[in-house]
Amino acid sequence: MRPRTKGVSINQRHLTSDLKSNLEIIKTILNESGDIIIREFLIANQTKAAILCVDGLVNKEVVQYSVLTPLLVYSNDGYWVPRYRIKEYLEKNLLTAEDIKENRVISSIIDKVLAGDTALLIDKEDTALIISSRGFSTRAISEPSSEAVVRGPRESFTEALRINTSLIRRKIINPNLVFESVTLGKVTKTAVNIVYIKGLAKENLVQEVRRRIKEIDVDGIFDTGYIEQLIEEHPYSPFATTGYTEKPDVLAAKILEGRVGVLVDGSPNALSIPLLFVEKFQTSEDYYSRPLFSSFIRIIRFISFLISIASPAIYVILVSFQSELLPTQLLVTFANAVEGTPFPAVVEVSIMMLFIEILREAGVRMPRPIGPAVGIVGSLVMGESAVSSGLIGQPLVIVIALTAITSYIIPTLYDESALLRMLLFLFSAFFGIIGLVSSTILVLIHLATLQPFGIPFMSPIMPLEGEDLKDTFVRAPLWFQKRRPKALGGSVRMGDKPSPPEESEEI
Amino acid sequence: MAKAQFTNGQIISMVAVFLLGTTILISPGQNLGKYAYLSILLAFGLFLLMLGFYYLLANLEPKKSIFALNEMAFGKILGTLINIFYLIYFFVLTVLVVANFVNFINTTILIRTPDMVTSSLLVAVVAYSVRAGLKPLAELSVLVLILTAVTVVSVTLMITEIFNLAHFLPLIPSDWNAILDNTFTVFAFPFGELIIFLGFLGVLGKPDKVFKNVSKGSFLALIMMLLVVFRNTLVLGDFLPMTTYPSFETARLINIAQVITRAEVFIALNFIFNGFIKASITFYSLCRGLKETFRLKSYKHLVLPIGALVALNAHLSFPTIIQNIYFNVEFYRYYAIIPQVILVLLTYLVLLFKKRSAAK
């Protein structure tokens with residue numbers, strides 16, 4: 001092993017005009033790695049030169065037809081070129097590759113080569129030509145797997161950054177759409193792009209995101225999840241304050257509302273900053289479908305969320321504390337079902353809640369063919385037999401099933417609701433309805449203190465913004481939403497037209 | 001981070017929720033029965049007068065709290081003594097609100113739970129929110145005000161079928177002394193308690209804007225209070241003075257097709273939200289006052305120990321609901337009148353005199 005420091009000192013250097021020593025230095029820095037291709041040849045039978053590229057990262061056709069063929073074949077029948085003009089001649093007259101840049105710094109040349117470009121080094125020249133030739137194989141653009149839609153675009157991000165940026169660029173054809181490049185990771189040197197629309201995203205939001213991303217100092221970034229955790233300001237809150245999506249249309253819509261996106265090379269998920277609480281209840285389809293049904297679904301989602309976090313707590317309250325709240329008939333049915341079960345309600349519910357989380361975790365990680373089997377064993381066999389053997393009451397099974405189903409309605413809120421459910425349940429188990437209210441107040445106060453990137457997380461509910469409620473619990477028709485959300489600047493989104501259809505005259 | 005801005009709606013809601021806090025449950029002037037509204041109206045008139053004085057005082061030195069004003073008026077030593085008196089009053093008020101809470105819960109919902117447990121839970125929640133600052137509290141109070149309005153109106157609508165207008169007869173009261181006596185009580189609790197807001201007025205904004213919203217908020221509270229009192233009288237009539245929690249009893253009578261019954265739990269929920277906001281505001285003001293009087297850097301480390309004292313005192317001072325109500329109705333007013341009226345007027349006059357003589 002060579003000492004590391006030696007490599008670093010070489011890194012800072014510029015190229016010399018001696019091809020042989022240049023290649024030696026580069027070979028040393030690259031540790032003679034097996035996937036590096038160095039091809040030496042003569043240009044026009046007189047000038048020594050070499051190309052440097054990485055096998056598997058370059059588009060071989062580009063290297064073959066736009067670099068090697070012109071250099072080896074056509075250079076011979078050109079007229080005589082003076083020595084000192086050879087670089088210019090190659091660049092202007094010979095090479096047919098689309099993008100060629102000059103570079104002198106060794107470390108920068110190597111970064112480019114490792115990213116998939118081809119470097120052309122010429123003897124007696126202290127400048128290398130960097131020929132754009134990136135062409136590595138990527139996954140094709142496919143349908144989103146975690147955000148399935150019935151209506152709307154069906155493409156999703158892939159792992160390649162440039163494909164992802166092109167997907168956004170194709171949706172927002174505007175010169176103000178900016179992709180700011182940042183390289184993160186001391187070892188991995190991952191390309192990261194900050195995406196926003198200039199003049200539309202709040203300037204201090206963009207600055208804050210940029211500042212925090214540039215301050216990141218880690219060895220490697222493999223997914224947007226790393227960035228999310230490194231820039232969020234409430235790491236101990238159960239609520240995520242940055243969102244992620246794998247659909248370009250969703251990210252484009254968020255950017256258009258004034259948010260900032262972050263794309264990471266190698267990650268099919270884009271970050272959107274900031275994430276507001278109500279956003280978790282919104283899906284892209286809400287906007288593609290007609291407003292009445294979308295609003296209905298929105299309300300269903302809010303109700304489901306409440307059910308999923310509060311139903312075990314309310315069950316315990318009803319069984320152990322305030323049975324008088326149940327209508328008499330229901331109370332009798334309840335008492336019959338619960339009678340004879342050996343454990344108090346609190347223990348029953350804790351066991352079942354734990355059980356359902358285990359079942360879910362088992363189902364998610366299983367290979368696809370085994371997943372349903374786990375579900376069947378878990379839910380049918382164990383649930384059914386637990387009731388018939390008299391270990392737990394039937395109403396509890398219904399409550400737990402309801403909790404589980406409602407918690408899947410909003411996948412983006414699953415993490416939060418699992419933790420909230422535990423909190424509400426524990427408080428209710430000890431203090432009954434007072435515990436439920438106290439824990440609700442705690443959560444609400446906590447939510448009100450969340451200010452990701454200086455933007456109130458609970459907007460437009462806390463602080464209340466009447467204007468923005470049009471897109472919260474309901475999804476009002478598009479022509480009502482004339483402005484962008486107030487928390488994100490509130491600039492005008494559309495003019496007076498389109499407007500609601502005029503009513504026909506009364507007859 | 002940007003400095004916290006309080007919107008008009010937030011100030012209005014804080015004031016309204018603060019005034020409605022305990023009154024949702026414990027009707028002011030309850031022992032007057034059907035004439036309670038008269039003493040509420042009279043007390044509100046007095047309160048508006050006092051609000052005028054508070055406004056004049058706040059306008060003398062905008063951005064300064066009552067604690068700073070006291071020191072300006074009476075000098076460092078006497079001012080600090082007066083401030084300590086204010087702090088004790090704020091402390092007692094916090095204890096009283098928490099005790100109202102705890103006594104209510106221990107008589108109606110968690111009957112067998114020791115009151116120290118309940119008060120510790122509530123004070124823990126209050127302490128958490130006070131540590132978070134006034135802004136989240138203000139934002140939450142908007143939601144609580146909406147919840148309160150919805151509860152008050154819907155309970156009223158659901159109970160209309162057993163309204164009896166005859167409960168208001170005779171319209172003219174015969175015993176005006178009792179009404180005037182109660183006016184005093186109602187003024188001290190809840191209206192005069194708004195003195196708490198003088199402890200952090202500067203935080204809310206300019207006096208002009210704040211007082212406009214404070215008066216709007218108190219009018220809103222008055223309307224809701226009257227609605228509650230009228231509703232309870234129409235339903236309970238002569239039984240009203242006999243009950244401890246008239247709104248609770250009223251809601252208990254709701255019965256719509258055997259399905260919506262025993263709605264009193266919604267009143268209880270609403271009360272807990274309101275009482276929580278009220279306790280947090282008094283507690284916040286207390287902590288800020290301590291910070292200003294003793295020139296501390298931050299009040300946050302005070303929250304837990306003072307909170308423990310509040311919980312302990314709620315248990316020691318008011319072990320039962322009877323003692324709580326007795327103190328509330330009989331003694332509280334004599335004590336509260338000093339910081340609510342006398343000291344404020346004194347401070348105002350001294351400051352005015354000082355300003356005048358300085359101008360000459």
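1. Basis of the note. The model is predicted, so local features need pLDDT of at least 70 and side-chain atom pairs count only at pLDDT 80 or more, while totals for chains, interfaces and linings use all residues. Residues are numbered from 1 along each chain as its sequence is written, chains are lettered from A and ligands numbered from 1 in the order in which they are written, and side-chain values use heavy atoms, with hydrogens and water left out.

2. The sheet of chain A. Five strands form an open sheet in chain A, in the order E1-E2-E4-E5-E3 and with antiparallel pairing. Its edge strands are E1 (36-43) and E3 (100-103), each of which pairs on one side only. On average, neighbouring strands are turned by 25° against each other, direction ignored. Strands (E, at least two residues) and helices (H or I, at least four residues) are DSSP runs, numbered from the N terminus. Two strands pair if DSSP finds at least two bridges between them. In general, strands of a sheet pair through backbone hydrogen bonds, either parallel or antiparallel.

3. Strands E1 and E2. E1(A) and E2(A) run antiparallel and are joined by eight bridges. Within this pair, Arg39(A) stands opposite Ile51(A) of E2(A). The two strands form a hairpin with three residues between them, and Ala44(A) in the turn has a positive phi of about 50°. E2(A) is mostly covered, with seven of its eight residues buried. Here, buried means under 20% relative accessible area, exposed means over 50%, and partly exposed lies in between (1.4 Å probe, protein chains only).

4. Strand E4 and its two partners. E2(A) also pairs with E4(A), in the antiparallel sense and over four bridges. Ile51(A) stands opposite Leu120(A) of E4(A), and Leu52(A) has Ala119(A) as its bridge partner. E4 (residues 118-122) pairs with E5 (residues 128-131) of chain A over three bridges, again in the antiparallel sense. There, Leu120(A) stands opposite Leu129(A), and Ala119(A) has Ile130(A) as its bridge partner. E4(A) and E5(A) form a hairpin with five residues between them, in whose turn Lys124(A) has a positive phi of about 70°.

5. Cover of strand E4. Which way do the residues of E4(A) point? Thr118(A), Leu120(A) and Ile122(A) point one way, Ala119(A) and Leu121(A) point the other way, and all are buried.

6. A helix across the sheet. Helix H4 (residues 86-94) of chain A lies across E1, E2, E3, E4 and E5 of chain A and runs at about 145° to E4(A). Axes are lines fitted to C-alpha atoms, for helices over the stretch in contact, and angles run from 0 to 180 degrees between N-to-C directions.

7. Ser133 of chain A. Ser133(A) is placed in the loop between E5 and helix H6 (161-171) of chain A. Is this residue buried or exposed? Ser133(A) is buried, because its relative accessible area is 2%. Leaving aside neighbours within four places in sequence, Ser133(A) has contacts (heavy atoms within 4.5 Å) that include Leu57(A), Val63(A) and Thr118(A).

8. Helices H1 and H5 of chain B. H1 (residues 8-20) and H5 (residues 134-159) of chain B pack at an angle of about 65°, with their axes 8 Å apart. H1(B) and H5(B) are therefore roughly perpendicular to each other. Angles under 35 degrees count as roughly parallel, over 145 as roughly antiparallel, 65 to 115 as roughly perpendicular and the rest as oblique.

9. Helices H10 and H11 of chain B. H10 (residues 264-293) of chain B and H11(B) pack at an angle of about 125°, with their axes 11 Å apart. H10(B) and H11(B) are therefore oblique to each other. Phe283(B), Leu286(B), Cys287(B) and Leu290(B) of H10(B) make the contact with Val303(B), Ile306(B), Gly307(B) and Val310(B) of H11(B). These residues divide into seven nonpolar, one polar and no charged. Ala, Val, Leu, Ile, Met, Phe, Trp, Tyr, Cys and Pro count as nonpolar, Asp, Glu, Lys and Arg as charged, and the others, Gly among them, as polar.

10. Thr320 of chain B. Thr320(B) is found in the loop between H11 (303-317) and H12 (321-359) of chain B. Thr320(B) is partly exposed, because its relative accessible area is 36%. Thr320(B) and Phe104(B) are 216 residues apart in sequence and 9.7 Å apart in space, C-alpha to C-alpha.
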